Amino acid sequence: MTTRFFAALAAFCLGLAAALSPTSSRADTITMSADFWCPFNCLPGSDRPGYMVEIAREIFEAAGHRVEYTIVPWSRTLVEVMAGRTTAAIGASPSESRNLLFPSEALGMSANGFAMRKGTGFKFTGPESLSPWRLGGILDYGYDDGGPLDAYIQEKKTTDKVQLISGDEGVSQNLRKLMGDRVDLVIDETQVLAHAVAELDLGDHVTILEPDKATPIYLAFSAAVPKSKEYMALLDDGVRRMRASGRLAEILARYGVKDWAAKR
């Protein structure tokens, strides 16, 4: 039997289990948003909308729900989700989004890194090592769980030393600023930086300094949406089923990502 047959069978079983679950109910529209953060969430309507989007869509649609995914600046995403006007934020971490609800199952691991022009020679030894450099980042992002790095960024964000922007594709804008010598360093998630560097064909000009520590990220739900806990239970159960069936690995492979929970 083909891989597609098993994937279809797994989706059917997932839908059947959801239909028999005591938490299942009539079809809803589940709305999700984030700023462009590929490979986690990419271009809406494309054949590769991001692996988090694909996972959520497959699980919720198998349960009879409709999923709408849009690109929205991160600061606005958090406001809309906390207000209940959007169901979930894609790629959130508890440290930066404490007012949201988080499922048990993470949908990835995230580690911040620094992109720089080749030959820059920057080494990160703590926030103090940033002081000689101009840093580009994203408005309302959290970079170290409210620690010294976030404190440095908040302190310097009104100066030329830290330049924060918002927008649908903040990382690409920051990389263009880097190449235009308007900033010296760009901080963002390492997989996102690598993807953007490749998309902009900057591999010969930009290097990425990767850290050692990674933290889990989630599809985080609105506490103002009454069914959020039901959706989280569906998502948790679905991720576990997809992992067991091999479907999760199949989706991740399309983006060059490995299962963060796999034994190594």
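Trainee: Exposed means over 50% relative accessible area, and buried means under 20%. So is Asp-201 buried or exposed?

Mentor: Exposed, because its relative accessibility is 64%. Bear in mind that this is a predicted model.

Trainee: Where is Asp-201 found?

Mentor: In the loop between helix 6 (190–199) and strand 9 (206–209). Asp-201 is not a glycine, yet its phi is positive, at about 55 degrees.

Trainee: What about Asp-140, what's its phi?

Mentor: Positive too, about 70 degrees, and Asp-140 is not a glycine either. Asp-140 sits in the loop between strand 6 (135–138) and helix 4. Its relative accessible area is 42%, so Asp-140 is partly exposed.

Trainee: Zooming out. How many helices and strands does the protein have?

Mentor: Eight helices and eleven strands. There are 264 residues, of which 49% count as buried.

Trainee: And for contacts between residues at least 6 apart in sequence, what share joins residues at least 24 apart?

Mentor: 74% of them.

Trainee: OK, the core. How many residues has the largest nonpolar core?

Mentor: 73. Those with the most contacts inside it are Met-32, Tyr-51, Ile-55, Phe-60, Leu-175 and Leu-219. Helix 2 (residues 51–62) gives the most to this core, seven residues. In soluble globular proteins, nonpolar side chains tend to be buried together.

Trainee: What does Met-32 touch, not counting residues up to four places away in sequence?

Mentor: Among them are Val-53, Ala-56, Tyr-69, Ile-90 and Leu-219.

Trainee: Switching to Val-171. Where does it lie?

Mentor: In helix 5 (residues 170–179). Val-171 counts as buried because its relative accessibility is 4%. Beyond four places in sequence, Val-171 touches Ile-138, Asp-188, Val-192, Leu-193 and Ala-196.

Trainee: Now Gln-163, a polar side chain. Buried or exposed?

Mentor: Buried, because its relative accessible area is 16%, under the 20% limit. Gln-163 is in strand 7 (residues 162–165).

Trainee: Which side chain does the side chain of Gln-163 make a polar contact with?

Mentor: Asp-160, at 3.0 Å. Gln-163 is also in contact with residues beyond four places in sequence, including Arg-134, Gly-137, Lys-177 and Arg-182.

Trainee: Which residues of helix 7 are buried?

Mentor: Several, including Tyr-231, Leu-234, Leu-235, Gly-238 and Met-242. An α-helix has 3.6 residues a turn, so residues three or four places apart point the same way.

Trainee: And what comes just after helix 7?

Mentor: Gly-246, with a positive phi of about 95 degrees.

Definitions and conventions
Residues are numbered from 1 along each chain as its sequence is written. This is a predicted model: local features need pLDDT of at least 70, side-chain atom pairs count only at pLDDT 80 or more; totals for chains, interfaces and linings use all residues. Side-chain values use heavy atoms; hydrogens and water are left out. Helices (H or I, at least four residues) and strands (E, at least two) are DSSP runs, numbered from the N terminus. Buried means under 20% relative accessible area, exposed over 50%, partly exposed in between (1.4 Å probe, protein chains only). A polar contact is a pair of N or O atoms within 3.5 Å; within protein, one must be able to donate a hydrogen and the other to accept it, and residues adjacent in sequence count only if both atoms are side-chain atoms. Contact means heavy atoms within 4.5 Å. A nonpolar core is a set of buried Ala, Val, Leu, Ile, Met, Phe, Trp, Tyr and Cys residues joined through side-chain atoms within 4.5 Å.
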